[in-house]
Amino acid sequence: MSMSTKPGERRRRPTIHDVARVAGVSRGTVSRVLNGGHYVSPAAADAVNSAIRKTGYVVNRHARSLITGRSGSVAFLLTEPQDKFFEDPNFNVLLRGCTEALAAHDIPLLLMLAGTPDEQRRIVRYVGSGHVDGVLLISSHAGSPVAEQLVRAGVPVVVCGTPQGTSERLAHVAADDRDGARTMVRHLLATGRRRIGIVTGPQDTPGGVERLAGYREVLAEAGLGYAPELVAAGDYSRDSGARATAELLARRPDLDALFVASDLMAQGALAALAEAGRRVPDDVAVGGFDDSAAAVAARPTLTTIRQPWDRISAEMVRLLMARIEGQDTSAVILPTELVRRDSA
């Protein structure tokens, strides 16, 4: 059914009364269907949903929010500089996955970038005022007040990665970073390498801390010990991977393997190795972490640790929806997987 109009007239938007009339039910029944279908028979629900399609009715989210006290939207909050969002493919994969998972609930996802303290304060004020129902917090650094401030403001929050340095009990979803690192270093050892360096992530992030810990544990198992000169820090950018690798080569020219804590940094590491005249994997075997688009684009293609991004996205949304409904949730830790390609 379409709402009839005269030439030159603006088409009237269908209302809940139109849906009720076409469905042959009361306005209250339509309202109950729109709010979850509680206490509505299957036949009545089918009639209402059919009438919605026929009339082209669209829910007035503003009106609903006045009744329910909810905005009907969720924020994807990245506490990193804007250029990181466009450079690092992992953020885009997470954003797409969370958007798709929320679409099943008919909830839009709002992207928010807050890389500086001032931006973070503004975002916390905005979110704390009720403009979104919950926050998917990405890339939370130790010492960052954002997560705790949101929780104190009563905002449901789910963190991507294990929260660092916070007194709050935060719901979170993470890949098993430490076990993934252990798997990669054992693989490099199995290729016969013994002088294995690492380019870590930032040490105020869960991935940075846990992947370094896994590296150290496996070297100890192998009786190789921990050599600080084989460790250099990056910030998950391609350039930092190149700089850290050049630093390692200057310290230890005999380096024969390199575990790089992200695929994007590994791309930079490969460039630095090529510039130094080192062949991969003949002279230096290289392993990454993430299994992002950067791993396949690398030359040679990158042996890496796969993070289950689709499951991470889905679990983050599941936990957040539960938090919004007032349920108590905690942590989900997901397994990683070694993906063998040409670099190691």
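**Close-up views of a predicted model**

**View 1. Strand β8 is covered on both faces.** This is a predicted model. Strand β8 spans residues 257-260, and both of its faces are covered. Ala-257 and Phe-259 lie on one side. Leu-258 and Val-260 lie on the other. All of these residues are buried.

**View 2. Strand β8 pairs with strand β6.** Strand β6 covers residues 196-200. The pairing with β8 is parallel and has 4 bridges. Look for Ile-198, which stands opposite Phe-259 in β8. Phe-259 is also one of the buried residues of β8.

**View 3. Strand β8 also pairs with strand β9.** Strand β9 holds residues 285-287. Here 3 bridges join the two strands, which run parallel. Ala-257 stands opposite Ala-285 in β9. To get from β8 to β9, the chain passes through helix α12, residues 263-275. This β-α-β crossover is right-handed.

**View 4. Helix α9 spans residues 177-190.** The helix has 14 residues. From first C-alpha to last, α9 reaches 20 Å, close to the 20 Å expected at 1.5 Å a residue. Buried residues in α9 include Asp-177, Arg-182 and His-187. Gly-180, Ala-181, Met-184, Val-185, Leu-188 and Leu-189 are buried too. After α9 comes Gly-192, with a positive phi near 95°.

**View 5. The protein is divided into domains.** Domain 1 covers residues 16-59. Domain 2 is made of 74-176 + 309-335. Domain 3 covers 177-306. The centres of domain 1 and domain 2, taken over C-alpha atoms, are 34 Å apart.

Technical notes
Residues numbered from 1 in each chain as written. Predicted model: local features only at pLDDT ≥ 70, side-chain atom pairs only at ≥ 80, totals over all residues. Heavy atoms only, no water. Expected span 1.5 Å × (residues − 1). Buried < 20%, exposed > 50% of the residue type's maximum accessible area, 1.4 Å probe, protein only. Pairing = 2+ DSSP bridges. Right-handed = clockwise from strand over helix to strand, strands pointing away. Domains from an automatic or database assignment.
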